[in-house]
Amino acid sequence: VSGPAPDRARRARLWLAGALVLCLFPLMPRLGRSLREQLRLPATPVDRTHGEWAREWLFLESCQPFLPSNARFTVLAADADTEMALYMMAIGLFPAGQPLPHTYYGMPHPEQAAAAQYSLEYRKSAPENPRARLIARVPDGAIYERPPTP
Amino acid sequence: MSSLRFLAAMLAIPVLGAGAAFHPSVRRYGVLARAAVALAMGTVALTLTGLVLTLAGVAWSLPALAAPPLVVSLALGALWSRSVPEPRPAFRPSRRAAAAAGAVAGLSLLLLGWTFVMSGATSIDYLLFWGVKAARFAQVRGIDVGLLRSFYFGHAVPDYPPAVPIVQAWGALAAGRMPWRLVPVTSALWLAAALPLVCGLLRRRMTDDGAAAVGAFWTTALAASLAASISGGNAEAPLLFFESIAIAGLLVEDGEGEGRFLPALMLAGAALTKVEGSVAALLIVAGAAVRDVVEGRRRVFARSLPLLAPPVLVVCAWFLFQWRMGLQVGYRSHGSLLAVRTEFLATILAWIPRELGAGTYWLSWAIPIAFLVTARPVVSRLFPALFLVGGLFGFLVFDYMHDATDPRERIGWTAPRVSQPALSACILAAGIASLGGARRTHAVRGATAKPPRP
């Protein structure tokens, strides 16, 4: 190996010192937070990174026990962005189900949503379809069974 | 319980590729380093098996997915274990260096793992497509072609290579469901798995103390970066695993006589992991080839071919699958290739560096760059790493120049993640430049390396 041995040893120590300094960066923010908060186990995979997505995830998880695993359902929310987020997550959270988008990238797709048997309504004050049957209220929303289309 | 089964399935992947640990060029390394090679082989084999089973209409199950890799692995292992490995002294840094490097790297990995456990760095893409594909693949016991074909799944980049969803689906099959909170934690395992092999490779060019120190720095920098770039559960950690080991392997290779099994395997893994993995593979191979030409090595083309062939072949396998299943063939581009806009170039050039803090206020970049500059190395020797650094940033700039609107937001959520292999390459190159530079005496038998330059 090239270079005099003492030089190499000094540089190796410098690399180690650098590693030690870098190690402090992820550590520092933890020192300012309460241990209790840091030990609180998360309820969703994104509790500490994307708060709003975490709420939406929790809403979908809360709906799971009330739907048949292979349910055909749509997800409704007050705005298109939230609907899109809920729809994208629902595909994975209901792997045997068939989520149908009400809007997709902001564009309405009512023909898709019309085929849904259930609607999961996120933070909506009233059901989208007044004839829908309430199945359950869950945190941040409710699940409805839609009347069969004639 | 399902989480434990998922974890066990992840830890079983090296078993599927155990044969690779007996390759003559790999047997010289320690057990953990060889396990990393087996992990790479297991991942590649599992992914290809997933494709073949779906093509053949065979439903995925643990035995069906495991059998082909195991059979191939056993056969290759039996074949390769007949050869006599090169003797290599055990990795033995001094007690102080081992303690310090072990403590720093261990603490970094613990902090990263803890961050993932506490959902402090879960990628949103994991909830939108990586994990989604895995959950659906496990449910339908195969690649869900209908879903990938659906217009309403266009957001989930159905053209992306399939390694990460297949590996996660393998775990979900074992677990009986997708353990959404646990999966991001396994991202830390890729970094931990790479470390012994990175150190094992580095020590071919430097002292054991030096390899331990650079390995500790590499781990700490990338652990901080993975957390800061919110990369839990997505493909960044496996991509770093594959690309970093490929680069380290090429940086330390002895010369014309040395086989390139290890970097070739890693480049295949990278190409199956992300689209960027294919770009990186091309850049790394180009860097190695130019380095060889500059150094006057012989048979450059003949030696580059086996390096390039595995990533090309696995990407072809994925494209063939797409074609056979009626999916759109190839990777989608961000618009027409040459339809670039120059009006945001200044913004792009200003904003990319801003996003390279890597969770350490740019120190993860600044320290290796300082080592690199002060070491005044023979630059051509570092080309496999430097081509990736330069090429990746060039690729990023070119990609952002396709944006019709101000790309600042997209730079903000992609540059910290996508730049990580470049950070890794920069650290490895700087480590070799500052602490190595010459070949150790454990040359491969039959190698025709030139004598070290002063």
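**View 1. B:Trp318 counts as buried, at 2% relative accessibility.** Here buried means under 20% relative accessible area, exposed means over 50% and partly exposed lies in between (1.4 Å probe, protein chains only). This is a predicted model, in which local features need pLDDT of at least 70, side-chain atom pairs count only at pLDDT 80 or more, and totals for chains, interfaces and linings use all residues; side-chain values rest on heavy atoms, with hydrogens and water left out. Residues are numbered from 1 along each chain as its sequence is written, while chains are lettered from A and ligands numbered from 1 in the order in which they are written.

**View 2. Over all chains, a search of the whole structure finds 24 aromatic pairs.** One of them is formed by A:Trp15 and B:Phe371, whose rings are stacked, at 4.3 Å centre to centre and with 5° between the planes. This pair crosses between chains, with A:Trp15 placed in helix α1 (residues 5–31) of chain A and B:Phe371 in helix α15 (residues 363–375) of chain B. A:Trp15 has a relative accessible area of 0% and is therefore buried, and B:Phe371, at 9% relative accessibility, counts as buried too. Within chain B, the ring centres of B:Trp318 and B:Phe321 are 5.7 Å apart and their planes lie at 15°, so that this pair is stacked as well. Rings of Phe, Tyr and Trp (its six-membered ring) pair if their centres lie within 6.5 Å, and planes under 30 degrees apart count as stacked, over 60 as edge-to-face and the rest as tilted.

**View 3. Five aromatic residues from the two chains are joined by ring pairs into a cluster: A:Tyr87, A:Tyr104, A:Tyr105, B:Phe151 and B:Tyr152.** Chain A supplies A:Tyr87, A:Tyr104 and A:Tyr105 to this cluster, and chain B supplies B:Phe151 and B:Tyr152.

**View 4. Chain A and chain B meet in a contact that takes 52 residues from chain A and 61 residues from chain B.** Contact means heavy atoms within 4.5 Å. The two chains bury about 4,600 Å² between them, and 73% of this area is on carbon and sulfur atoms; buried area is the accessible area (1.4 Å probe) that two parts lose on being put together, summed over both. Between chain A and chain B the count is one salt bridge, in which A:Glu61 is paired with B:Arg181 and the closest N and O atoms are 3.1 Å apart. On the side of chain A that touches chain B, at least two residues each come from α1, α2 (35–39), α3 (51–63), α4 (80–93) and α5 (110–114) of chain A. Helix α1 of chain A gives the most to this side, with 16 residues.

**View 5. A:Asp140 has its place in the loop between strands β6 (133–138) and β7 (141–145) of chain A.** With a relative accessible area of 24%, A:Asp140 is partly exposed. Leaving aside neighbours within four places in sequence, the contacts of A:Asp140 are A:Arg55, A:Phe59, A:Glu121, A:Tyr122 and A:Arg123. A:Leu39, by comparison, lies 101 residues from A:Asp140 in sequence and 25 Å from it in space, C-alpha to C-alpha.

**View 6. The whole structure, searched over all chains, holds 32 salt bridges.** A salt bridge is a side-chain nitrogen of Lys or Arg within 4 Å of a carboxyl oxygen of Asp or Glu. One of these joins the side chains of A:Arg10 and A:Asp7, at 3.9 Å from N to O, and both residues lie in helix α1 of chain A, three residues apart, about one turn of the helix. A:Arg10 counts as partly exposed at 43% relative accessibility, and A:Asp7 is partly exposed with a relative accessible area of 29%. In chain B, the salt bridge of B:Asp406 with B:Arg408 brings the closest N and O atoms to 2.7 Å; B:Asp406 is partly exposed at 32% relative accessibility, as is B:Arg408 at 36%.

**View 7. A network of salt bridges links B:Glu253, B:Arg260, B:Arg291, B:Asp292, B:Glu295, B:Arg297, B:Arg303 and B:Arg381.** B:Glu253 and B:Arg260 are both buried.

How values were computed. Helix = DSSP H or I, 4+ residues; strand = E, 2+ residues; numbered from the N terminus.
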